[in-house]
Amino acid sequence: MKPIFLGVADTIESEFDQDSYKQASTMEKYFKLLFRSVDKLCTFLGTDRNRLAPFLTDFVSIDSLSLGRTGYGHAVRDANDLGFTGISCHMVDLGGASVGGALHQAYSIVTSNPNAVVLVAAADVPKSVFKQVSDLKRLTETVCHKDFEINYGATLIALYALLAERQMSESGVTTNDHIDIAKHFRSNAVGNPRAFQYQKELTDKQLHRPLAGPYSTPMIAIVTDHAFATLVTTVEKKQELIDKGILRKDAQHIFMTGASHAVHAEYFYQKKGMGSPAAIACEKAFSLSGFAREEVEYAWIYDCFTGMIIQQASLYFGVSPRLVADSLKTGHISNGKNDIPINCGGGILNYQAAMSLSGVTGLIDVASQYQLAVDPIPKILKSKPRVSLLGGNGGIDSINSVVIFSTEESSKPIRIPQFPRPIQVNEVDAKAGDVCEILSATTVHFNPGGEKKPPYVLCALQTERGSMCVTNLFTSDENEIETTDGLDFRKTKVQLKMIDGKLQAILK
């Protein structure tokens, strides 16, 4: 018997009186968001915390790293403050893949214990990375390695730009494709009063002011305060709770037929060949679900950057990035059998995103298609999709989570997953004199708080031994190059040389 999902409530800043909310401390905001989400979910299900508490077996939460609240003890405290005791607590920390990871944890709990009733809830109050230079600098120090990346001017945006530039070089996807895709998904959110980008139309000036590679500000996820709560159990346990008057008699559900996540490497320079765990995470989830990719009728794909929708959709469904980019301009993915609508709410680029909780945007989006979101997005399909996919991405494409939802269980059994090409961790062995291939290169225009002043070129190189390193780019007379114009990743070669104490790339 597969676990079932009973609904989801999310809470955003605008739900509170703005004067009192702004005056509240960070922790007060955190608990306002968390408590309201749990209470909204309980009301939606026809219950309250006091009546639910005796039947709750597990609480799954997500580390709110931006608040400095990390570790299992904080989940215990939150459960106690919510009035839940005598239960098991679990903490998930998978970056942007955490919501999918938390659902995977709930899936595993219920699969192993049919009597489990699992509350998945979390909140975060991050500072906007586009409001304070200090926040962006701290973000860079968190996600980039101080010796192998930061010294070369690497930032979160620049490293994602390297992934995008490689994809563009291999597939023929262009910056204009990214712009067209960004425009479409903004149009999905601009009429939603709960969206951060409500009534905010895109301008050509915004779209043509690059931060790194193809990415301008509208192609990078916004950061907001956010919280959510959901309940996962079994059909039998749900009916027991209805019979006992704990849940409303007409409470609906969908099945969580598969859930999984896969990790790669913490830092970008460790990603040998710039590989991604997305295909592995997806294959594991589908193998558990009994469904095939061709049966998916709706998908929400994590869009921390526009290019990541293309990347993950391609790996999830086995479709070329070029074909994915073309179909995304109309908000679909063509998998050879169906045109799958995706991200009807506009994604985290446009809705709400609280760092590790950013996948809540997708959960609200998918749940809206089944009338299981307390505050649904306005744009929903005419009929409930039989099978839906929820994807999540963490780190620099370092962690991926996938959850498969369905209106009924599959008649097909669990199968052994067939993993695609394995991903490997890079060994740092680059040295002066090595001749390297340029895997990817991007021009960086934005490095707030960093010592290296833009513009400059950031490169990902592959040595003849197959290892990878990150450098800048110089001419043969050691003048630094500021543009990628004229580079051909498949043909341009460089040689490594020590310049000012750093291993750098010299054009041959």
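Modeller: The axes of α11 and α12 come within 8 Å of each other and cross at roughly 45°. That angle makes α11 oblique to α12. This is a predicted model, in which local features need pLDDT of at least 70, side-chain atom pairs count only at pLDDT 80 or more, and totals for chains, interfaces and linings use all residues. Residues are numbered from 1 along each chain as its sequence is written, and side-chain values use heavy atoms, leaving out hydrogens and water.

Colleague: What describes two packed helices?

Modeller: The angle between their axes and the distance between the axes. Axes are lines fitted to C-alpha atoms, for helices over the stretch in contact, and angles run from 0 to 180 degrees between N-to-C directions. Under 35 degrees counts as roughly parallel, over 145 as roughly antiparallel, 65 to 115 as roughly perpendicular, and the rest as oblique. Helices (H or I, at least four residues) and strands (E, at least two) are DSSP runs, numbered from the N terminus.

Colleague: In which hand does α11 pass α12?

Modeller: The crossing is right-handed. A crossing is left-handed if the near helix is turned anticlockwise from the far one by less than a right angle, and right-handed if clockwise. Ala278, Ala279 and Cys282 of α11 make the contact with Gln312, Leu315 and Tyr316 of α12. Contact means heavy atoms within 4.5 Å. The residues of this contact divide into 5 nonpolar, 1 polar and no charged. Ala, Val, Leu, Ile, Met, Phe, Trp, Tyr, Cys and Pro count as nonpolar, Asp, Glu, Lys and Arg as charged, and the others, Gly among them, as polar.

Colleague: At what angle do α12 and α13 pack?

Modeller: At about 120°, with their axes 9 Å apart. α12 and α13 are therefore oblique to each other. Their crossing is right-handed. On α12, Ile309, Ile310, Ala313 and Ser314 meet Pro321, Val324, Ala325 and Leu328 of α13. By class, that contact has 7 nonpolar, 1 polar and no charged residues.

Colleague: And how do α8 and α13 cross?

Modeller: The axes of α8 (residues 175-189) and α13 (residues 321-328) come within 9 Å and cross at roughly 40°. That makes α8 oblique to α13. The crossing of α8 and α13 is left-handed. Asp177, Ile181, His184 and Phe185 of α8 make the contact with Arg322, Ala325 and Leu328 of α13. Here the classes are 4 nonpolar, 1 polar and 2 charged.

Colleague: Now the empty space. What shows where it is left?

Modeller: Rolling a probe the size of a water molecule over the atoms. On a 1 Å grid over the protein atoms alone, a cavity is a set of points where a 1.4 Å probe fits but cannot get out. A pocket is an open set with protein on both sides within 12 Å along at least five of seven lines. Lining residues have an atom within 4 Å of a point. Grid points are joined across faces, edges and corners, and a volume is the space filled by probe spheres set on the points.

Colleague: How many cavities of 30 Å³ or more does the structure hold?

Modeller: The structure holds 1. The largest cavity has a volume of about 40 Å³. Gly96, Val99, Gly100, Gly359, Leu390, Gly391, Gly392 and Ser401 line this cavity. α5 (98-112) and β12 (387-394) each supply at least two residues of the lining. The largest share, 3 residues, comes from β12. The lining divides into 2 nonpolar, 6 polar and no charged residues.

Colleague: What is the volume of the second largest pocket?

Modeller: About 540 Å³. The second largest pocket is lined by 24 residues, of which Glu170, Met274, Gly275, Gln311 and Arg421 lie nearest its centre. α7 (156-171), α11 (278-289) and α12 (306-317) each supply at least two lining residues. The largest share, 7 residues, comes from α7. By class, the lining of this pocket has 13 nonpolar, 8 polar and 3 charged residues.
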